[in-house]
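Colleague: I have not looked at this one before. Can you put it up and take me through some parts of it?

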Amino acid sequence: MIVLKAAQEKVLSALQSVSGIVERRHTLPILANVLIRKKGPQIELVTSDLEIQIRTNADLGGDEGDYAITVGAKKLGDVLKSLPSDQTVSLTANQTKLTLQAGKSKFTLQTLPAEDFPLVQEAVDFGPAFSIPQKMLKLLISQVHFAMAVHDIRYYLNGILFVAEGKSLTLVATDGHRLALAQANLDVDMPKQEVILPRKTVLELQRLLKDDGKAAEGEEAQIEMRFAGNQAKFAFGGLEFVTKLVEGKFPDYNRVIPKNHKNHITLGRATLLASLQRAAILTSEKFKGVRMNFAPGVLGIASSNAEQEEAKEELEIDYGGDSFEIGFNVGYLMDVLANMSQDMVTVSLHDANSSALITNPEFEGFKYVVMPMRI
């Protein structure tokens, strides 16, 4: 049976949209495979890592009839990538093997039975669906993802908190030393729902979301979201994406965000980032501290290391507030500045011992809090 027959780029595009979550090494060998299910002219591709499942449908020709099999996702992808994009590719089923042909190239691939593929059991208690443009969600994720914890024993920090409430969607990430928050408006009024999406889910969503996507009618490409007690479901661009959630109670982010800072400075983002990058060169691997000296009209940035080397930077700023010196982990400051695209950034401070609030004058929904460091 000819399972599919279509242009290489069409087959590869469908496979790549689902294969990002496939682990190369897994205790269950079948999870390295993609499930191919044929129903008439339509082909459904499904991948899973037991936590996340991605599914897409594509019209890829082939014989009529129903058929299902699993084959190594990475191997199939590598073979397809090695072929010219305009070549017609056919996949033929032959007992326990699949034969891929394109021009004068022929590959025989080993398979595993479709009935052994562990599909994710979908939750029954999904809340109401809501949509925002893919471009907007991609922007929100890009503004907070770098503040997620990595392998923290407080497992609820290894992900992003999504809060849908009223007419707003808020994303929050923190690793206990800094916190990033980004907010967007919704078209519908939502009952309050809070879920924590795991780190892997967040990074995969970021990879798949289109930031310039247009739907067929010329409107912005949307992503539809639904949350349940232990799952979230996303539908966008012909994909259905189901993921387990991180259990646990996320910290109360509203208590962390400072409200009454009296000292504010707005300056060029790229200029500040470049100064911090230069100062970071002379920090050590273990100690990433920089000293920032605020005084009327001037911001001093300094760093030093165990070899008694020192870097000093000075920026002219429009500032008439208090004079004080405060220390920060330079990596936390560079992360936020590198992930913003706007020209200007506002830094609000109270004194040398309080956390700093970084905001974006052009995007009200963004806040970044970073704790000071003793230097």
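**Strands, rings and helices**

Modeller: Strand β4 and strand β14 (residues 239–244) pair in the antiparallel sense over five bridges. Strands here are DSSP runs (E, at least two residues; helices are H or I, at least four), numbered from the N terminus, and two strands pair if DSSP finds at least two bridges between them.

Colleague: Which residue of β14 stands opposite Ile52?

Modeller: Thr243 in β14 stands opposite Ile52.

Colleague: What kind of model is it?

Modeller: The model is predicted, so local features need pLDDT of at least 70 and side-chain atom pairs count only at pLDDT 80 or more, while totals for chains, interfaces and linings use all residues. Residues are numbered from 1 along each chain as its sequence is written, and side-chain values use heavy atoms, with hydrogens and water left out.

Colleague: Which strand do seven bridges join to β4?

Modeller: That is β3 (residues 42–48), and the two run antiparallel. Val46 stands opposite Arg55 in β4. The hairpin of β3 and β4 has three residues between the strands, and Leu50 in this hairpin takes a positive phi near 75 degrees.

Colleague: How many residues of β4 are buried?

Modeller: Six of the eight residues in β4 (residues 52–59) are buried. Buried means under 20% relative accessible area, exposed over 50%, and partly exposed in between (1.4 Å probe, protein chains only).

Colleague: Switching to rings, how many aromatic pairs are there?

Modeller: The structure holds seven aromatic pairs. One of them is Tyr155 with Tyr156, which is edge-to-face because the planes are at 75 degrees, with the ring centres 5.9 Å apart. Rings of Phe, Tyr and Trp (its six-membered ring) pair if their centres lie within 6.5 Å; planes under 30 degrees apart count as stacked, over 60 as edge-to-face and the rest as tilted.

Colleague: Why is the pair of Phe294 and Phe324 tilted?

Modeller: Their planes are at 35 degrees, so the pair is tilted, and the ring centres are 5.7 Å apart. Phe294 lies in strand β16 (residues 289–295) and Phe324 in strand β19 (residues 324–329), so the pair ties together parts that are 30 residues apart in sequence.

Colleague: Are those two buried or exposed?

Modeller: Phe294 and Phe324 are both buried.

Colleague: And the helices: at what angle do α1 and α2 pack?

Modeller: Helix α1 (residues 8–19) and helix α2 (residues 73–81) pack at about 150 degrees, with their axes 10 Å apart. Axes are lines fitted to C-alpha atoms, for helices over the stretch in contact, and angles run from 0 to 180 degrees between N-to-C directions.
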